[in-house]
Amino acid sequence: QVLAQIGTGSAAEVKQARKYLGGLLRKQPGLNWREIVPAGWSEEPLLPETTLNETFNTSDGGTIGPVYTWTRRWNAGTDYPSIYSNQLAWVGTYSYPNGGIVADADVSSSDNWADIDYKQQNYAGSEYFGPVCRCSSSALTGYTALEVPPYGQQLWKLVAGALTSLTSLTGGGISFPTTIRVKANGSTITGYRNGTSVASVTNTDLTTGTRGGVYFNSSFLFPAPNRLLADNWQLTDGITPAAATRTILLCGL
C-alpha cells in the first residue's frame, strides 16, 4: 500500500505516502513503520490532514474557492459551476452539461467521505448532483451519491468522468437544504441524507483516492439562472488529529 501511494515517486506522491504513514501511526500507535516502507526509504511520516472544508465564500462569478484550488474535470457542455452569493452555483443556458470539480488537496486515507449542503434546485427533472469521495488526483475517478430531485438518491462509480450506476434510485424526493454524504469505507460505499443512510453497496473497483469533489449532470436543456445552489463542502478521513510528539535524548546524566 505504501508503494501504491508513492506511485511514480514525484514530490507530491512522496508527500502523500508520508501522510499515509502518519495516518497508519494514528490508528496503530505501536506500528514500526520502517518495516513496511521500501528499502532505502528515508522520509519521516507526516501528520495527516484529516479534514478539508470549503466555504465558497468568494466573489460572485469568480474562481471557485477560496480555501482550496479546484480543478475542473468537465466532460461535456459549457454550464460550468461558479459562485453566487457565497455558494457554489450551477448557472447556464442550453448545453447538456456534465462533469465535476476536484479540490487540489488530500486527506490521509482512501477510507474517506465527502459532504455538501444541497440548498436549491430550480428544475424538477433529470439533474444529478452530489459530492465525490475517494477521488483520484489525476482524473474524475471516485464514488458519488447523486440526488435526482424529486426521484431519489443513487450511488455511482466514476472512472475518468464516466458514470456506472451501483444502485437504483432510492429514498424519494428531498426537501431543501439537505446535507448529502458519500462514504467509502473499505469496500462499503454508502450514501446519506442529513446523517441517515439512504443507499449502500459493496464495490471493490476503486481502492485508492485521497481527494474529493462535486459532480454535476443534466439530461435536459433549459435556461434557469442559478438553478442549483450548494454550500459547505467537506472531505474527511475520520482520523482524529493529535499533537506531534518528540523523543528527547538526555546524554551525560
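**Close-up 1. Arg-181 and Lys-183 each sit over an aromatic ring.** In this predicted model, Arg-181 lies over the face of Tyr-192, 5.8 Å from the ring centre. The charged end of Lys-183 sits over the ring of Trp-113, at 4.6 Å from its centre. A charge counts as over a ring if NZ of Lys or CZ of Arg is within 6 Å of the ring centre and within 35 degrees of the ring normal. The model is predicted: local features need pLDDT of at least 70, side-chain atom pairs count only at pLDDT 80 or more, and totals for chains, interfaces and linings use all residues. Residues are numbered from 1 along each chain as its sequence is written, and side-chain values use heavy atoms, with hydrogens and water left out.

**Close-up 2. Trp-74 and Phe-216 form a tilted aromatic pair.** Their centres are 5.9 Å apart, with 50° between the planes. Rings of Phe, Tyr and Trp (its six-membered ring) pair if their centres lie within 6.5 Å; planes under 30 degrees apart are stacked, over 60 edge-to-face, the rest tilted. Trp-74 lies in strand 2 (residues 70-76) and Phe-216 in strand 15 (residues 211-218), so the pair ties together parts 142 residues apart in sequence. Strands (E, at least two residues) are DSSP runs, numbered from the N terminus. Both residues are buried (under 20% relative accessible area, 1.4 Å probe, protein chains only).

**Close-up 3. Tyr-128 and Trp-156 form an edge-to-face pair.** Tyr-128 is buried, as is Trp-156.

Key:
Helix = DSSP H or I, 4+ residues; strand = E, 2+ residues; numbered from the N terminus. Buried < 20%, exposed > 50% of the residue type's maximum accessible area, 1.4 Å probe, protein only.
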